[in-house]
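I opened this entry to keep track of what I looked up, one site at a time.

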Amino acid sequence: MENGFGFPIGGVAAFDPRRGGVVSPGGVGYDINCGVRLLRSGLTADALEGRLPGLMDRLAARIPAGLGRGYAGVGLRNVDIRRLLRGGAEWAVEVGLGEPEDLARIEDGGRLAGADPEAVSDRAIERGRDQVGTVGSGNHFIELGCVDAVYDAVAAEGLGLAPGTVTVLIHSGSRGLGHQVCDDFLPTMDRIAEYHGIRLPDPQLACAPLDTAAAQDYLGAMRAAANYAYVNRQVMAQRVREVFAERLGASAALALVYDVAHNIAKFERHRVDGEERELCVHRKGATRAFPPGHPALPGALQGLGQPVLLPGDMGRCSYVLLGTEGAFAETFGSCAHGAGRRLSRRQAKRAAAGRDLDAELAGQGVEVRASSRATVAEELSEAYKDIADVVDVVDRAGIGR
Ligand SMILES: Nc1nc2c(ncn2[C@@H]2O[C@H](COP(=O)(O)O)[C@@H](O)[C@H]2O)c(=O)[nH]1
Ligand SMILES: [Mn+2]
Ligand SMILES: [Mn+2]
């Protein structure tokens with residue numbers, strides 16, 4: 001786990017509503033439903049030989065990135081926003097942004113039920129209006145890659161990830177809308193916690209008992225923001241598909257492998273002290289990792305388990321794992337969500353001073369388009385732990401394989 005405001009990043013907490021359990025915006029995080037989506041093509045890496053720079057330029061032109069950088073061509077009237085917040089990726093597919101088959105490959109089918117657009121403030125809606133289909137700033141990214149190594153041939157085949165397969169990994173969340181939802185609810189929760197005599201060492205641990213109106217309002221708004229994030233990743237995936245088709249032709253069609261949330265709270269059934277209970281599971285910087293046979297998984301993944309996507313960093317690999325019984329028994333069906341930072345952004349910028357990062361990355365076969373050079377410095381490969389070490393720990397702990 002890393003430091004974080006309130007809950008540590010990598011934290012998982014489950015609360016029982018029938019035993020005074022709470023919901024906490026700080027247990028979800030500011031970027032509600034930040035998550036990762038993996039697509040695979042029918043191409044192998046050699047098909048991109050000499051075409052990568054043009055492809056990347058086109059992607060950068062079609063999909064805005066950077067702080068507050070907006071409009072991606074999805075014009076939203078108030079009525080559309082409300083539909084989007086309720087319907088998530090289902091809404092996106094209905095309006096032609098994606099394929100119906102995508103939905104089964106998104107956690108929650110791309111839609112959290114119980115979203116309440118009325119609980120989302122006007123300010124949050126304004127912040128999100130023009131940001132659907134945008135990457136955002138910091139370490140959010142769209143990354144082209146290819147399958148470099150396979151550790152379980154049957155699983156890789158089941159996921160369509162043969163060696164060399166060209167992949168697209170998307171990391172982004174609910175942009176300004178989700179951030180504003182978190183900001184809006186923290187002071188309310190602080191007051192409610194105080195009223196209920198819950199003493200907090202950190203204001204970002206503010207929470208409310210699940211049976212209060214404030215908790216229900218937050219859950220409604222949080223689910224709406226989560227649906228916004230599913231749409232955001234869906235729209236970006238659609239733009240990537242369009243660019244691939246335009247530049248590489250029909251054989252470049254991209255199928256969705258899976259889309260996971262790593263900042264979210266939801267009700268799930270788990271066994272505690274020998275009893276199955278419905279719990280409000282918070283995951284902040286943690287990925288759901290359900291085992292084979294879990295009813296939440298679509299038919300095609302029943303025998304494999306849920307794909308767990310662990311991005312690494314700009315200069316190293318990312319991993320696809322599968323959820324396990326161990327995770328279900330030990331961690332409320334949860335696993336890590338990435339490598340985690342080793343250096344703060346400021347330390348990373350200091351470490352990058354005077355270096356030609358583009359040349360260094362090019363030497364590793366990595367080409368970058370970024371909204372600013374400062375972002376590249378902050379996101380330096382060595383600013384992160386080695387994802388291979390994280391995966392080794394997760395695998396040995398039995399919470400992902
Ligand atoms: N494959 C890449 N992974 C990256 C990159 N930058 C960061 N990361 C990883 O993402 C996780 C998730 O971050 P969080 O903001 O949700 O906590 C992080 O821990 C890194 O492992 C990248 O450019 N490419
Ligand atoms: Mn994230
Ligand atoms: Mn995020």
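What spacing do the donors of the manganese ion (ligand 3) follow along the chain? I read the spacing as D-x2-C-x105-H. I note at the outset that this is a predicted model.

**Entry 1: manganese ion, ligand 3.** I looked up the donors and found Asp-31 (OD), Cys-34 (SG) and His-140 (NE2), at 2.1 to 2.3 Å from the ion. Asp-31 sits in the loop between strand E2 (22–23) and strand E3 (35–44), and His-140 in the loop between H3 and E4, so I have a pair that links parts of the chain 109 residues apart. I checked the burial of Asp-31: its relative accessible area is 17%, and since the cut-off for buried is under 20%, Asp-31 counts as buried.

**Entry 2: manganese ion, ligand 2.** Here I list Cys-34 (SG), His-171 (NE2) and His-262 (NE2) as the coordinating atoms, again at 2.1 to 2.3 Å. Along the chain these donors are spaced C-x136-H-x90-H. His-171 belongs to strand E5 (residues 165–172), while His-262 is in the loop between strand E7 (254–261) and strand E8 (263–272); the pair therefore ties together parts 91 residues apart in sequence. I found both His-171 and His-262 buried.

Which residue bridges the manganese ion (ligand 2) and the manganese ion (ligand 3)? Cys-34 does, and I noted that the two ions lie 3.5 Å apart.

**Entry 3: ligand 1.** I counted 16 residues around ligand 1, of which Asn-139, Glu-143, Gly-312, His-337 and Ala-339 come nearest. By class, I have five nonpolar, eight polar and three charged residues in this shell.

I then went through polar contacts. For Ser-318, the contact runs from a polar side-chain atom to a nitrogen atom of ligand 1, at 2.9 Å. I record the cover as well: on its own ligand 1 has 520 Å² of accessible area, and the protein covers 89% of that.

Entry 4: Which residues of H3 are buried? I list Ala-124, Ile-125, Gly-128 and Arg-129. Their arc around the axis is only 135 degrees, so they are on the same side of H3. On the face turned away from that buried side I found the exposed residues Asp-122 and Arg-123.

Next I looked at Thr-134, in the loop between helix H3 (122–129) and strand E4 (141–146). Thr-134 is buried, at a relative accessible area of 0%. A polar atom of the Thr-134 side chain lies 2.7 Å from the backbone oxygen of Gln-131.

**Entry 5: positive phi.** I noted two residues to check. Asp-108 has phi near 65 degrees and is not a glycine; I place Asp-108 in the loop between helix H2 (78–94) and H3. Is Asp-108 buried or partly exposed? Asp-108 is partly exposed, with a relative accessible area of 25%.

Arg-175, also not a glycine, has a positive phi of about 50 degrees. Arg-175 lies in helix H5 (residues 175–195), and I logged Arg-175 as buried at 13% relative accessible area.

Terms used. Residues numbered from 1 in each chain as written. Chains lettered and ligands numbered in written order. Predicted model: local features only at pLDDT ≥ 70, side-chain atom pairs only at ≥ 80, totals over all residues. Heavy atoms only, no water. Helix = DSSP H or I, 4+ residues; strand = E, 2+ residues; numbered from the N terminus. Buried < 20%, exposed > 50% of the residue type's maximum accessible area, 1.4 Å probe, protein only. Polar contact = N/O pair within 3.5 Å; in protein donor to acceptor, adjacent residues only side chain to side chain. Donors = N, O, S within 2.8 Å, 3.2 Å for Na, K, Ca; no water. Near = heavy atom within 4 Å. Areas by Shrake-Rupley, 256 points an atom, 1.4 Å probe, with all protein chains shown as cover. Nonpolar A, V, L, I, M, F, W, Y, C, P; charged D, E, K, R; others polar. Arc of directions from axis to C-beta.
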